[in-house]
Amino acid sequence: MIILLFLFCGYRFPRVPGIFNKEQIEAWKKVVNAVHAKGAIIFCQLWHVGRASHQVLQPGGVSPIASTDKPISKRWRVLMPDGSYGIYPKPRQLETYEIPQVVEHYRQAALNAIEAGFDGVEIHGAHGYLIDQFLKDGINERKDEYGGSLGNRCKFIMNVVQAVVTAIGAEKVGVRMSPAIDHLDAMDSDPLSLGLAVIERLNRLQIDCGLKLAYLHVTQPRYTAYGQTESGNHGSPDEEARFMMTWRRTYQGTFICSGGFTRQLGIEAVAQGDADLVAYGRQFIANPDLVLRLKLNAPLNRYVRATFYTHDPVVGYTDYPFLSSNNPNIPLSRL
């Protein structure tokens with residue numbers, strides 16, 4: 001499975017692709033057709049960053065929208081159009097009446113993705129972006145029906161999921177969350193209960209519609225913004241493992257894990273029943289033949305983080321080498 005990131009309502013990074021108009025839909029068809037020609041499946045990730053943006057990246061120079069008017073702390077930096085990093089600005093808190101309009105953006109983006117030929121969509125509800133900004137009590141201080149209680153904080157994500165499921169069918173919808181990760185200041189006082197609250201609602205939705213969602217995708221707490229694999233902010237690795245296992249056992253469907261997995265950790269996670277599938281991101285960027293390398297236990301190319309968000313059509317995008325055709329266990333030198 002290949003997950004593509006895109007931004008469909010609001011801007012995050014310079015030159016981030018979207019899928020909110022006809023021209024973009026037609027352009028994505030070329031990508032989707034190429035993936036299908038190789039016998040692969042491709043899902044489109046619906047990503048709204050909320051306050052994780054900057055005025056210079058917004059149409060008209062307006063403030064980015066969020067569940068809150070609190071900015072992301074200076075611990076974090078936003079990528080600017082010139083390649084430098086700036087400070088996150090104060091966002092504009094969405095008015096209650098505006099929230100259904102944002103939900104509609106998700107619904108329309110899902111329809112656009114299916115029209116472009118994607119096999120499904122993944123609703124990105126993790127890593128401190130818009131949906132996570134509603135979920136986490138360290139961010140969401142709203143006084144309306146979308147804030148306060150755990151049930152209220154889950155309302156936005158469930159409105160989005162319900163709208164997308166109604167539009168394209170549950171079997172074409174995946175959901176991603178990261179209850180125990182503090183990326184972009186997305187902290188919660190009780191991540192275990194938060195994760196369970198979302199999962200219980202997803203389970204209920206599946207029962208009500210009589211169909212399973214494609215999957216639930218949860219990022220391991222050890223994930224960090226800089227690719228490290230260290231303990232998160234909510235206790236020891238044993239406690240984090242308990243979180244993941246509790247969520248895995250509670251969710252009634254296909255469960256995907258991601259976040260700092262090596263080949264061996266991925267094998268162990270599936271073998272031990274910790275996950276049905278394991279997702280790889282950074283390693284896939286650097287290794288176009290990652291599946292083959294994992295199968296052969298071959299060395300991996302090291303990724304170059306500085307080129308992750310480059311606009312260059314080659315460097316950091318298509319210049320990572322494949323395995324040597326003569327000896328599949330020896331990678332070619334970097335092009």
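How near do the axes of α6 and α7 come, and at what angle do they cross? Hi everyone, the axes come within 10 Å and cross at roughly 15°. Axes here are lines fitted to C-alpha atoms over the stretch in contact, with angles running from 0 to 180 degrees between N-to-C directions. Helices are DSSP runs (H or I, at least four residues), as strands are (E, at least two), numbered from the N terminus.

A word on the source: this is a predicted model, where local features need pLDDT of at least 70, side-chain atom pairs count only at pLDDT 80 or more, and totals for chains, interfaces and linings use all residues. Residues are numbered from 1 along each chain as its sequence is written, and side-chain values use heavy atoms, leaving out hydrogens and water.

Back to our pair: α6 and α7 are therefore roughly parallel to each other (angles under 35 degrees). Their contact (heavy atoms within 4.5 Å) is made by residues including Leu196 and Ile199 of α6 and Phe243 and Trp247 of α7.

Now look at α7 itself, residues 237-250. Its 14 residues reach 20 Å from first C-alpha to last, close to the 20 Å expected at 1.5 Å a residue (1.5 Å times one less than the number of residues). Which residues of α7 are buried? They are Glu240, Phe243, Met244, Met245, Trp247 and Arg248, where buried means under 20% relative accessible area with a 1.4 Å probe, protein chains only. Their cover includes α6, β9 and β10.

Finally, please find α2 (residues 99-115) and α5 (residues 155-168), whose axes come within 9 Å and cross at roughly 35°. Among the residues making that contact are Tyr106 of α2 and Phe156 of α5.

How values were computed: Buried means under 20% relative accessible area, exposed over 50%, partly exposed in between (1.4 Å probe, protein chains only). Angles under 35 degrees count as roughly parallel, over 145 as roughly antiparallel, 65 to 115 as roughly perpendicular and the rest as oblique.
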